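Morning, everyone. Please bring up the sequence and the model on your screens. I'll walk through it briskly.

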Amino acid sequence: MCGRYASTLPPEQMAELFKLLNSVESVPRYNIAPTQPVIAIWEESGRREGHFARWGLVPRWVKDPREFPLLINARVETMAEKPAFRDALKHGRCIIPASGYYEWHTNPDKSKQPYYITLADDRPMALAGLYATWVGPEGEEIDSVATITVPANGQLSAVHDRMPAILEGDAIEQWLDVRGVTAKAAHQLALPLEDGVVKFHPVSTRVNSARDDDPGLIAEVTVERPAPVRKKAAGGQLDLF
């Protein structure tokens, strides 16, 4: 899953990189957590803009968001069938800019070591997401989002079995084009990245607390136990640990 990420791209660079018609004022964030406001980009009436939205999707048909489960991720394998995500896949596709994200590797002793994962060339990430706008009985509105996860590629499977769907190039344009690209076609865009496109390193367990939010969280640390690696099992099959 994807449960924490960082976003440090300055507003003006974000607007230029993702071709936004507006600029979203923001500060560098190093430990963005579920339920917090995040920057999401979507197109509406031909306008591509950045918005603040709650991380944790609230479908339009929910009666009371306070009684609805927290949906921060949508699994690519089931999002087209799940009532919570089905409509958003057709009409509410978005991207969520990120500098990198965190994942926790479970060690043999059941302890968990966080890793910070970025693109190998340090470019900003465009996480594939879904958004919805919930309207309450008094006219109140909640914009909310969920990130999409896919099976981890071979490289990242050493850390975790899932990874966010990261879009690049023309896939970003197609994903955001809800008028011209069908849900079925968009579904094919949410794929694991090829091995070698990302890099990762261990970071401090301070990231476990959402109260901590500073550049030190993404700094590499030394861990006592060996880093996770892939090894060949009998018959040449790749196995973990």
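Are W42 and Y131 buried or exposed? Both W42 and Y131 are buried. Buried means under 20% relative accessible area, exposed means over 50%, and partly exposed is in between, with a 1.4 Å probe and protein chains only.

A word on the source. This is a predicted model, where local features need pLDDT of at least 70, side-chain atom pairs count only at pLDDT 80 or more, and totals for chains, interfaces and linings use all residues. Residues are numbered from 1 along each chain as its sequence is written, and side-chain values use heavy atoms, with hydrogens and water left out.

Back to that pair. W42 and Y131 are stacked, 3.8 Å centre to centre, with 10° between the planes. For the rule, take rings of Phe, Tyr and Trp (its six-membered ring): they pair if their centres lie within 6.5 Å, and planes under 30 degrees apart count as stacked, over 60 as edge-to-face and the rest as tilted. W42 is in strand β3, residues 37-44. Y131 is in strand β9, residues 125-135.

Now another pair. W61 and F68 have ring centres 5.7 Å apart and planes at 85°, so this pair is edge-to-face. The count comes to six aromatic pairs. There is also an aromatic cluster, made of Y102, W104 and Y116.

Next, the whole chain. What does it contain in helices and strands? There are four helices and 15 strands. Both are DSSP runs numbered from the N terminus: helices are H or I with at least four residues, strands are E with at least two. The radius of gyration is 18 Å, close to the 18 Å that the globule rule gives for 241 residues, so the chain is as compact as a globular protein of that length. That radius is taken over C-alpha atoms, and the rule is 2.2 Å times the number of residues to the power 0.38. Of the 241 residues, 48% count as buried.

Contacts come next. A contact means heavy atoms within 4.5 Å. Among contacts between residues at least 6 apart in sequence, 66% join residues at least 24 apart.

Let's zoom in on T147. It lies in strand β10, residues 141-151. T147 is buried, at 1% relative accessible area. Beyond residues up to four places away in sequence, T147 touches a list that includes C2, W55, I72 and L127.

Then look at F200, in strand β13, residues 198-202. Is F200 buried or partly exposed? F200 counts as partly exposed, at 25% relative accessibility. Which residue is 83 residues from F200 in sequence and 4.3 Å away in space, C-alpha to C-alpha? That is I117. Leaving aside neighbours within four places, F200 is in contact with several residues, among them Y115, Y116 and V159.

Last stop: backbone angles. Most residues other than glycine have a negative phi. T35 has a positive one, near 80°. T35 sits in the loop between β2 (29-32) and β3, and is partly exposed at 47%. D122 has a positive phi as well, near 65°. D122 is found in the loop between β8 (112-119) and β9, and is exposed, at 52%.

That's my tour.
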